[in-house]
Amino acid sequence: MNRALPLACLAALALSSMPAQAAKLPPCQPKHDQLFIAPMGEPFRAGPNDPYPSALWFAQADANHDGKLTLAEMTADADRFFNRLDTDHDGQITPPENRAYEDQMVPETRAQIGRVDDLLDAPKKVKRNKHAPPIPEGAGRWSSLPIPQPVISADEDMNRAITRAEFRDAAVERFGRLDTARQGYLTLATMAKTPAQKAAEAPCAATAAGQ
């Protein structure tokens with residue numbers, strides 16, 4: 001006699017008696033407002049239920065809206081952002097202008113390093129894998145490139161003032177780092193996800209895997 005059959009029937013009966021809503025999985029969505037910091041440092045924000053805001057930057061920079069971001073388009077977008085940062089229009093981003101960028105545009109990057117769990121509402125007191133890659137610092141948490149401060153890092157000669165030429169050079173270099181397939185253009189679908197984006201999507205992936 002097969003004794004597994006009665007047990008299976010009992011299990012099925014127990015499941016069928018559960019309330020319908022109890023069997024439903026919780027909605028899978030980010031819990032916080034979202035931030036994306038573009039390669040040259042410009043912040044883009046979106047609500048918790050909106051598409052990740054990298055799409056906002058890409059749509060802005062992709063001037064002809066063909067779904068392909070070329071080096072020329074990224075450089076032009078860098079020029080536009082440079083003009084926004086250069087508030088006194090003297091052709092360079094000075095320390096006061098850089099401080100204004102940090103304090104007013106991207107205050108999130110000044111959060112204490114190592115507290116990314118707090119920012120993403122991840123579980124506390126989780127022992128980290130010593131072989132896991134380090135948490136990106138500063139703006140790198142919300143960017144496709146691990147650059148802690150994307151504006152000041154464009155200062156090639158380290159004189160604490162970023163010229164338009166230096167900012168353009170940085171745009172060229174960063175485009176090359178993003179264009180990993182060496183196609184000569186970027187697409188939104190193939191851009192690397194930011195660490196914050198991956199962390200926000202992690203519960204969703206876990207839920208999907210358990211279905």
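Arg 80 is partly exposed, at 31% relative accessibility, where partly exposed denotes the range between buried (under 20% relative accessible area) and exposed (over 50%), computed with a 1.4 Å probe on protein chains only. The structure is a predicted model, in which local features need pLDDT of at least 70 and side-chain atom pairs count only at pLDDT 80 or more, whereas totals for chains, interfaces and linings use all residues. Residues are numbered from 1 along each chain as its sequence is written, and side-chain values use heavy atoms, with hydrogens and water left out.

Eight salt bridges are found in a search of the whole structure, a salt bridge being a side-chain nitrogen of Lys or Arg within 4 Å of a carboxyl oxygen of Asp or Glu. In one of these, the side chains of Arg 80 and Glu 42 meet at 2.4 Å, N to O. Because Glu 42 lies in the loop between strand E1 (34-37) and strand E2 (43-46) and Arg 80 in helix H3 (residues 71-85), the pair ties together parts that are 38 residues apart in sequence; helices (H or I, at least four residues) and strands (E, at least two) are DSSP runs, numbered from the N terminus. Glu 42 is buried, with a relative accessible area of 4%, and a network of salt bridges links Glu 42, Asp 77, Arg 80 and Arg 84.

A further salt bridge joins the side chains of Glu 108 and Arg 45 (2.8 Å, N to O), linking distant parts of the chain, 63 residues apart, with Glu 108 in the loop between helix H4 (95-105) and helix H5 (116-120) and Arg 45 in strand E2. Glu 108 is partly exposed at 26%, as is Arg 45 at 41%.
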